[in-house]
Structures are given as structure tokens and as C-alpha cells.
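I opened a new structure today and kept notes as I went. Here is what I looked up, entry by entry.

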Amino acid sequence: MSQYANRVYEALESRNYKQALKLCEKNEKTPLFAALKCLSLQRLQRRAEADAACDALLAKRVCADEASLAPLTNALDALGRHGDATDAWAAAFAREPSEELGSRVARGQAREGKWADARATCASLFKTSKKPDFLCRVAALALVEASGDEASLALRLADRMLEKALDAKGGAANAAAKDVELLVRIRRTRGDAAGALACVRETLAALPEAPGGDVRRPLRRDLRLDEASLLREAGDDAAAQKAYVRRADHGSQRGAAAARVG
């Protein structure tokens, strides 16, 4: 970032908005300073001028990177123009797709409640990056969109996408806790208690005794509790009781082992 741009940011941070505006007006043909001018006008509470400056900059479609998009969309958000802010990120993403730009677009679409658009953006990011976390986002967005609708196409899609993501991550043995929890919740919402129970049991069977790594893994005691809860929902109280006992026994064994080490 240039020293001149630093001067503008320093003026904004010190709330010297008039000075920031003067600096921007000397270089407003540059997208970065045009965007910073929008933000300076908004901070000065000159609403009409800020709106006009944003409209002019949006029409030119010259903001193509985070450096210029961030101040422009900060101004738009502060003006309550959230849709225009998302559209600005989307236009840049369409010109030059990247994970960073796409993620900003998806977040904006989700904030506006445009769940199908956000899912489509995340699916597009998965196709280009092959990162299964984007499939997990598709599933999470579908759950928010269709929560409570057992027959929802979005929830069926979420189930398939999350299964695909788990497979890509190496199956239940390498599953993150949040992914297992999400799949169980999706299946419960769909009314598929048997599928949720199968997910819990598959994870239990594959879970190492001492999962390592930086990813938060499912805890055996939590899975046992989910197993018992699902069995009770299915009306199998005897099996549920056994699952509760297995959970208690596992906790006792760990406590005894810790005591021996101590």
C-alpha cells in the first residue's frame, strides 16, 4: 500500500474525515481513492453525496480487488445498501474468480437471505478448488433455508453434499465434529432418525481412541449421548439405556486412567 493511501487511512482512523476526503479528491480517478472518497463522505454523514459517489463508482465497475472493494462496500453497508455491496463483490468475482472474492459474495448473499444464490456460489467454489469445506457450507446453507421442511429438496441436497464432503475428507475416521453434528441435524430435520443414528454409529466405529491433529474431532461421549437420544426417539428404550451405560462406562474408564497417570 502506498504512503499516500496510508495517510488517508490514518486520517480515517483518527476521525479526521475532512482531511481524508481532501486527500482522496486529489486522486479520485484511481479506484482505491474513489472508494475511500465514498467512505469519507459516508463518515462525514453527507448521505446524498456518498450515495452519488457510490453510484458513480459502481457504474464504472473498476473496483476489482479487496483493496478498493473493502472501503466501497464498507460505505455501502453503512448506507444500508447491502445488496449493492454484495453485487460489487459478485461483479469482481465474475471477472476474476477467487476463493477470497467468492467467499465474500457467499457471505453477503447469505446475509440477504439469498440462500439459493449463496449455495450456488459455494458449489462453484468447490468445483474450482475441490475443497470439501465448500460442500459443508452448501449443506449448512440448505439447512438454514429449509429447516423444518422434511420433504425439502434443499435438505436432500444438503445430505448428499455433506456425505460427499465427508468422503473427500477421508470418511468418518477423519470427520470434524462440526461436520458430523451438521449431518445428524440435517437428517433429524428431515425426519430421518435412522439415517442420523447410522451416521453416529459409523463415526463411533471409525473414531480413533485418541484423535489427533488440529481439527476438533467428535467426542465419543457426545456420540454415545446422540446415539442414546436417537434410540429413545425411535422408541427403543432398552437399546437407549445400553447406550447411556456405555457412555457412563467410557467416562469411568477415562477417569480411572487419568487417576493412574496422576
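Entry 1, the overall build. Before counting, I noted what counts as an element: helices are DSSP runs of H or I with at least four residues, strands are runs of E with at least two, and both are numbered from the N terminus. I also noted that this is a predicted model. With that settled, I found 14 helices and zero strands in the protein. Reading from the N terminus on, I got α-α-α-α-α-α-α-α-α-α-α-α-α-α. I looked up burial next: buried residues make up 42% of the 262 residues. Among contacts with a separation of 6 or more, 49% are between residues 24 or more positions apart.

Entry 2, α8 against α9. I reminded myself that two packed helices are described by the angle between their axes and the distance between the axes. How do the axes of α8 and α9 cross? Helix α8 covers residues 115–129 and helix α9 covers residues 132–146; their axes come within 8 Å and cross at roughly 170°. Because angles over 145 degrees count as roughly antiparallel, I wrote α8 down as roughly antiparallel to α9. The crossing of this pair is left-handed. On the α8 side I listed contact residues including Trp115, Leu125 and Phe126, and on the α9 side Phe134, Leu135 and Leu141 are among them. By class, this contact has 14 nonpolar, one polar and three charged residues.

I moved on to helix α10, residues 153–168, whose axis comes within 8 Å of the α9 axis and crosses it at roughly 155°. That makes α9 roughly antiparallel to α10. The crossing of α9 and α10 is left-handed. From α9, residues including Cys136, Ala139 and Leu143 take part, and they meet a set in α10 that includes Leu155, Met161 and Leu162. I sorted the residues of this contact into 15 nonpolar, no polar and two charged.

I found arginine 187 in helix α11, residues 177–190. Is arginine 187 buried or exposed? Its relative accessibility is 8%, so I put it down as buried. The side chain of arginine 187 makes a polar contact of 3.1 Å with the side chain of aspartate 159. A polar atom of the arginine 187 side chain also lies 2.8 Å from the backbone oxygen of glycine 195. Leaving aside neighbours within four places in sequence, I listed contacts of arginine 187 with Asp159, Glu163, Asp192, Ala193, Gly195, Ala196 and Cys199.

Threonine 203 counts as buried because its relative accessibility is 2%.

Most residues other than glycine have a negative phi, and I went looking for exceptions. Arginine 61 has a positive phi of about 55° although it is not a glycine. I placed arginine 61 in the loop between α4 (47–60) and α5 (66–78). With a relative accessible area of 56%, arginine 61 is exposed. Lysine 130 also has a positive phi, of about 60°, and is not a glycine. Where is lysine 130? I found lysine 130 in the loop between α8 and α9. At 57% relative accessibility, lysine 130 counts as exposed.

Terms used. Residues numbered from 1 in each chain as written. Predicted model: local features only at pLDDT ≥ 70, side-chain atom pairs only at ≥ 80, totals over all residues. Heavy atoms only, no water. Buried < 20%, exposed > 50% of the residue type's maximum accessible area, 1.4 Å probe, protein only. Polar contact = N/O pair within 3.5 Å; in protein donor to acceptor, adjacent residues only side chain to side chain. Contact = heavy atoms within 4.5 Å. Axes fitted to C-alpha atoms, helices over the stretch in contact; angles between N-to-C directions. Parallel < 35°, antiparallel > 145°, perpendicular 65-115°, else oblique. Left-handed = near helix turned anticlockwise from the far one by under 90°. Nonpolar A, V, L, I, M, F, W, Y, C, P; charged D, E, K, R; others polar.
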